[in-house]
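Here are my notes for your first look at this structure. Keep the model open while you read, and take the points in order.

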Amino acid sequence: MSKLERNYISTRDINNKVQASECIIQGLAEDGGLYVPEFLDKIKFNLEELKNLDYPELAYTILKPFLTDFSESELESCIDSAYKSDLFDTPNLIEVTEGNGVYFMELWHGPTAAFKDMALTILPYLLTTSVKLNGLNKDIIILTATSGDTGKAALEGFKDVPNTQIFVYYPKEGVSIAQKRQMITTTGNNTHVISVEGNFDDTQNSVKEIFNDSKIKSLLNENGFRLSSANSINIGRLLPQIVYYFYSYFELVRQNKLNLGDKVNFIVPSGNFGDILAGYYALKTGLPVNKLVCASNKNNILTDFFKTGEYNLNREFYKTTSPSMDILISSNLERLLFEKLGRDSEKVTQLMKDLKTNGSYKINPELFGEFLAEYASEEEVLKTINNVYKESNILIDPHTAVGQAVYNKLANQLDEDPTIILSTANPYKFSNTVYKSIFPNPENLDEFEIQELLSEKTGIDIPEPLKNLKNKDIKHTLNTTKEKMKEVILNELNINYEK
Ligand SMILES: *Cc1c(COP(=O)(O)O)cnc(C)c1O
């Protein structure tokens with residue numbers, strides 16, 4: 001295949017084709033769709049060749065065919081900067097540990113203690129390389145809506161990166177105390193952290209609207225800026241997430257828990273559907289997977305979708321103890337629909353229109369044979385944290401607990417294959433919930449004191465990025481409404497405009 005054949009196409013217009021670097025810069029396609037690799041079916045990785053690579057080597061091998069217009073040395077340098085640095089607290093980047101009958105893929109050994117670090121440590125390098133490849137003479141504005149973890153991971157990734165400005169919007173009441181504290185104490189001369197009245201869906205929708213607002217885009221353009229995204233709508237976020245599916249598989253082979261070629265199940269605590277979609281890309285490119293299990297919390301719109309084929313937004317939104325999964329509009333599902341509907345971009349466009357106007361759409365649920373879906377109630381989440389600690393002496397965070405609880409419900413449908421639960425956040429990011437699940441209610445202690453107490457009682461260490469949060473200076477206090485989100489950008493950048 002020549003370089004030119006290796007295009008990315010938009011889910012809403014298959015004739016909208018760009019190279020990898022261009023879609024990393026754009027984030028969202030101009031037509032409102034998401035970019036997907038046109039050549040996905042042409043990539044098949046050879047397990048035998050990959051099985052003994054270390055994480056950076058594996059990342060190189062997997063990203064190479066996707067990053068079509070990156071040179072070998074450019075890609076190597078991105079990988080070295082992110083994955084051969086001291087940003088992670090283990091040289092393997094991730095660990096696979098055995099729980100009670102399952103494996104946990106620990107994805108929280110990075111700088112902000114959540115799985116978002118796996119991609120957001122490398123995205124700034126992919127993006128700055130893309131800017132260079134396109135000869136763009138502009139500063140990049142990263143616009144990000146966060147349900148808690150993306151925000152901090154993006155801020156750490158982009159902080160002080162030359163020629164970038166990063167804006168993070170978080171729902172004011174929708175993130176945990178530790179998540180909020182992590183974000184608002186971020187240093188760096190290019191970071192902007194803003195709380196928004198409303199929930200994550202409001203925030204994410206308004207960010208998407210800014211991307212589709214030609215007026216603000218041209219205003220920014222005139223002033224030397226270009227918009228891009230660090231959310232998982234950006235293919236540069238998604239691709240690095242394919243790597244750990246392969247890595248954890250090979251890790252089980254190396255631990256003699258699995259024969260090369262045998263199948264495994266993955267349980268993925270899901271919100272925006274980015275993480276599990278990366279698992280689907282791994283499956284498509286040769287990883288032996290039996291089932292990909294979409295695990296949801298009480299906001300179980302995806303569970304209903306996989307069971308009935310109907311995606312229906314006309315429902316209550318709940319704030320749960322797993323806030324990074326409190327999402328009703330799972331953006332990346334559009335990429336899966338596109339594949340499953342035979343890449344019919346007109347059909348996808350129609351469904352997305354239906355969703356916008358009626359709040360729902362329906363398709364044939366039998367299209368999704370590799371997927372299973374289930375959800376966990378709040379009570380089940382708390383009970384599961386308790387059980388896992390009592391049985392295995394492992395602390396899991398509420399998001400991972402959703403995965404474990406769903407596993408408990410579905411185990412009999414997963415054949416005999418080993419099951420890997422994606423452990424998406426360090427438990428100390430949600431100390432309050434974890435503590436209360438295991439020990440009697442502590443009175444009059446704040447989140448940070450509870451964190452200390454939890455560590456004292458369990459003997460399990462608090463990771464470096466979550467220590468001392470209480471004593472760090474608060475740097476960001478801006479608050480806005482969803483209508484005013486774009487004005488904030490212009491104000492922060494000192495751009496004059498007509499109100
Ligand atoms: C973001 C996040 C998720 C959900 O991942 P998606 O890619 O949005 O589906 C799950 N758990 C944690 C801790 C997260 O930060």
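**Notes on the fold and the ligand site**

1. Start with the secondary structure. The protein has 20 helices and 16 strands. Bear in mind that this is a predicted model.

2. Next, the overall dimensions. Along the principal axes, the C-alpha atoms fill a box of roughly 60 × 55 × 50 Å. The radius of gyration is 21 Å. A compact globule of 499 residues would have a value near 23 Å, so the protein agrees with that expectation.

3. Where does the ligand sit? Look in the largest cavity: the ligand is there.

4. The shell holds 5 nonpolar, 7 polar and 3 charged residues. Of the 15 residues around the ligand, five come nearest: Lys-116, Asp-149, Gly-271, Asn-272 and Thr-424.

5. In Lys-116, a side-chain N or O atom is 2.6 Å from an oxygen atom of the ligand. Asn-272 uses its backbone instead: an N or O atom there lies 2.8 Å from a ligand oxygen. For Thr-424, a polar side-chain atom lies 2.9 Å from a nitrogen atom of the ligand.

6. Finally, how much of the ligand does the protein bury? Taken alone, the ligand exposes 380 Å². The protein buries 98% of that area.

Conventions
Residues numbered from 1 in each chain as written. Predicted model: local features only at pLDDT ≥ 70, side-chain atom pairs only at ≥ 80, totals over all residues. Heavy atoms only, no water. Near = heavy atom within 4 Å. Polar contact = N/O pair within 3.5 Å; in protein donor to acceptor, adjacent residues only side chain to side chain. Areas by Shrake-Rupley, 256 points an atom, 1.4 Å probe, with all protein chains shown as cover. 1 Å grid on protein atoms, 1.4 Å probe; cavity = no way out; pocket = protein on both sides within 12 Å on 5 of 7 lines; lining within 4 Å. Sits in = over half its atoms within 2 Å of the grid points. Nonpolar A, V, L, I, M, F, W, Y, C, P; charged D, E, K, R; others polar. Helix = DSSP H or I, 4+ residues; strand = E, 2+ residues; numbered from the N terminus. Rg over C-alpha atoms; globule rule 2.2 N^0.38 Å.
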